[in-house]
Amino acid sequence: MTKTKNDSLPDHENNVDAQPNKRTRLSNTGDGENNVGTSKDVTTNQNCNKTKEADTISIGRESDAPSISTTTTKRGTGAVQPTQTVRLVLPNPTKCLMEDGEVLEYDDTLIDRLCKLSEYTNSTANVYALGKLLPTATWGQYKPVNDRSKILCNPANGEPLTICVVGKISKMWFTKFGNPERQTSMTIMPLSKTLAQQSALLLAKMSSPALSVNQQATQVIRAIKWQNAKNSDVGSEAMLFDAVYDARAEGSLKTYSERPLWNLTDLKPGDLILLEMKMTKYSKKQEDKWHSRAQYEMIAISLLDIGEMPDEDTQGISPIDGLAI
């Protein structure tokens with residue numbers, strides 16, 4: 001493995017819709033538009049007795065906006081009620097971000113790297129590990145243009161959060177009968193069971209009306225992605241998600257334009273990945289009433305380690321139900 005001193009994650013700039021995938025065919029090279037510097041803002045995981053230099057993140061902003069207290073919102077009755085925030089849902093977030101039993105197969109260098117990624121925060125770039133979410137984060141403000149009311153944002157600057165989580169691929173769905181699906185999904189098993197349960201609680205309580213936790217998957221984390229514009233014509237062609245990178249080498253988690261590309265079709269169950277995503281909500285009609293449901297949407301996938309090949313299915317059934325890539 002080629003070793004360098006630093007890893008860095010990209011700044012996603014000011015546009016909530018800024019995404020690394022360019023709707024092009026995957027190849028060995030790529031390009032992007034990130035113009036960034038670097039900053040170190042990493043703490044060491046309490047479960048890892050490591051003191052090596054922390055991974056860094058590339059940033060495009062030069063100063064942190066001041067943090068603010070939880071805001072309030074007025075309902076139709078005139079009563080003022082607290083806005084739903086991460087802190088209200090998770091007043092005592094888990095400290096177990098990585099279980100020893102989940103990383104036994106990895107060497108010390110990779111384990112050290114996973115510790116840092118699991119604890120990573122960069123308030124300037126609005127990038128947070130799932131286990132270290134900004135406590136004041138809440139749904140953004142409604143605007144006629146560039147509306148962010150359905151995206152989890154930093155209330156201090158109104159910018160969407162990029163949420164990162166490390167885990168092993170459990171299921172994936174990108175194509176059907178060899179053709180890209182309009183909506184795709186990636187399901188991973190995080191390195192901590194309590195983190196998965198906490199994630200399920202967060203999604204349940206950030207929905208409206210709030211769901212019970214048993215209505216959410218509590219052992220895995222699932223992120224979706226539209227592979228073509230949701231408002232596009234019915235006859236438009238879905239394009240295969242291509243924001244997939246090879247980040248196995250230490251120091252390779254740089255800006256998207258600098259990361260080596262990886263073929264989506266080469267990913268498989270058991271591979272260890274860093275999943276970058278945002279939290280959004282969508283409307284769903286149920287019993288003649290509209291409800292909002294919180295979910296994760298994929299931004300990028302970065303391969304950290306190739307897992308062992310799954311056992312061959314002697315019954316001729318795919319080990320992942322519906323996998324068609």
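## Strand 10 and its surroundings in a predicted model

Strand 10 and strand 14 (residues 272-286) pair in the antiparallel sense over six bridges, where two strands count as paired if DSSP finds at least two bridges between them, and where strands (E, at least two residues) and helices (H or I, at least four residues) are DSSP runs numbered from the N terminus. Within this pairing, Lys168 stands opposite Leu272 in strand 14.

This is a predicted model, in which local features need pLDDT of at least 70 and side-chain atom pairs count only at pLDDT 80 or more, while totals for chains, interfaces and linings use all residues. Residues are numbered from 1 along each chain as its sequence is written, and side-chain values use heavy atoms, with hydrogens and water left out.

The confidence of the predictor in each residue is given as pLDDT, on a scale from 0 to 100. The protein chain averages a pLDDT of 77, and 67% of the residues score at least 70. Over residues 22-46 pLDDT stays under 50, and for this stretch the model has 65 contacts beyond four places in sequence, a contact being heavy atoms within 4.5 Å.

Strand 10 (residues 162-176) also has other partners. With strand 11 (residues 179-190) strand 10 pairs in the antiparallel sense over eight bridges, and Lys171 stands opposite Thr187 in strand 11. These two strands form a hairpin with two residues between them, and Phe177 in the turn has a positive phi of about 55°. Strand 6, by contrast, runs parallel to strand 10 and is joined to strand 10 by three bridges, with Val127 standing opposite Thr162. Strand 10 is mostly covered, since eleven of its 15 residues are buried; here buried means under 20% relative accessible area, exposed means over 50%, and partly exposed lies in between (1.4 Å probe, protein chains only).

The structure holds nine salt bridges, each defined as a side-chain nitrogen of Lys or Arg within 4 Å of a carboxyl oxygen of Asp or Glu.

Glu105 counts as exposed because its relative accessibility is 52%, whereas Lys168 is buried, with a relative accessible area of 14%. Glu276 lies in strand 14 and Arg259 in the loop between strand 13 and strand 14, so this pair ties together parts that are 17 residues apart in sequence, and both residues are buried. Glu99 and Lys193 are linked with Glu102 in a network of salt bridges.

Two loop residues complete the picture. Asn126, in the loop between strand 5 (121-122) and strand 6 (127-129), counts as buried because its relative accessibility is 1%, and its side chain makes a polar contact with the side chain of Asn154 (3.1 Å). A polar contact is a pair of N or O atoms within 3.5 Å; within protein, one must be able to donate a hydrogen and the other to accept it, and residues adjacent in sequence count only if both atoms are side-chain atoms. Gln227, in the loop between strand 12 (221-226) and strand 13 (244-246), likewise counts as buried at 1% relative accessibility, and a polar atom of its side chain lies 2.9 Å from the backbone nitrogen of Phe241.
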